[in-house]
Amino acid sequence: KIGFACCNARGVAKDVAKGTRHWESAAMLGDASSRAKLGAMEMEDGKYDRAVRHLLISAKMGHHGSIDAIIDLFLRGLATKAQFAEGLGGYQDAVEEMKSPDREGAAAREPQGAPSGLVGRMRTRYPGLASDPALGRYLEE
């Protein structure tokens with residue numbers, strides 16, 4: 001939150017360098033959102049290899065926005081198929097580790113109709129990915 005405040009002049013003078021340092025500190029302490037923000041900043045600067053590395057780390061921590069960003073980079077030819085598969089597999093492992101009876105009960109009470117979870121969203125948004133032999137195994141429910 002401090003990084004956002006510094007970069008966007010919310011209650012403090014705008015200081016992008018200071019905000020970035022706060023995000024870096026939070027990322028090193030394990031904050032997935034801060035790591036994803038660093039990836040987004042690297043993408044804005046055109047440093048796609050660094051962006052993918054940040055996004056892979058945060059995707060493996062279960063940050064769904066990161067896997068969406070990796071998909072976007074992959075479809076634009078800025079991330080490799082291996083990086084995409086690594087991120088997706090790591091994301092799915094993290095989601096699996098976070099499962100609990102309470103969360104599954106809450107999910108069962110959500111309205112039906114929309115594709116559920118990452119796999120459902122990906123099948124809807126990127127139908128061609130499921131037919132790729134290297135990626136299809138990750139898209140099985």
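Of the 141 residues in this protein, 37% are buried. Keep in mind as you explore that the model is predicted.

Let's start with the overall layout. The secondary structure consists of nine helices and zero strands, so reading along the sequence gives the pattern α-α-α-α-α-α-α-α-α. Among contacts with a separation of 6 or more, 43% join residues 24 or more positions apart.

Now let's zoom in on one helix. Helix α4 covers residues 48-59, which is 12 residues. From its first C-alpha to its last, α4 reaches 16 Å, close to the 16 Å expected at 1.5 Å a residue.

Which residues of α4 are buried? They are A51, V52, H54, L55, L56, S58 and A59.

| Helix packed against by the buried residues of α4 | Residues |
|---|---|
| α3 | 32-44 |
| α5 | 64-75 |
| α6 | 81-98 |

Finally, look inside. The largest nonpolar core has 14 residues, and those touching the most other members are V52, L55, I67, I70, L73, A79 and F84. Which elements give two or more residues to this core? They are α4, α5 and α6, and α5 gives the most, with six residues. In soluble globular proteins, nonpolar side chains tend to be buried together. To connect the two views, find V52 and L55 in your structure: both are among the buried residues of α4, and both are among the core residues that touch the most other members.

Definitions and conventions
Residues are numbered from 1 along each chain as its sequence is written. This is a predicted model: local features need pLDDT of at least 70, side-chain atom pairs count only at pLDDT 80 or more; totals for chains, interfaces and linings use all residues. Side-chain values use heavy atoms; hydrogens and water are left out. Helices (H or I, at least four residues) and strands (E, at least two) are DSSP runs, numbered from the N terminus. The expected span of a helix is 1.5 Å times one less than its number of residues. Buried means under 20% relative accessible area, exposed over 50%, partly exposed in between (1.4 Å probe, protein chains only). Contact means heavy atoms within 4.5 Å. A nonpolar core is a set of buried Ala, Val, Leu, Ile, Met, Phe, Trp, Tyr and Cys residues joined through side-chain atoms within 4.5 Å.
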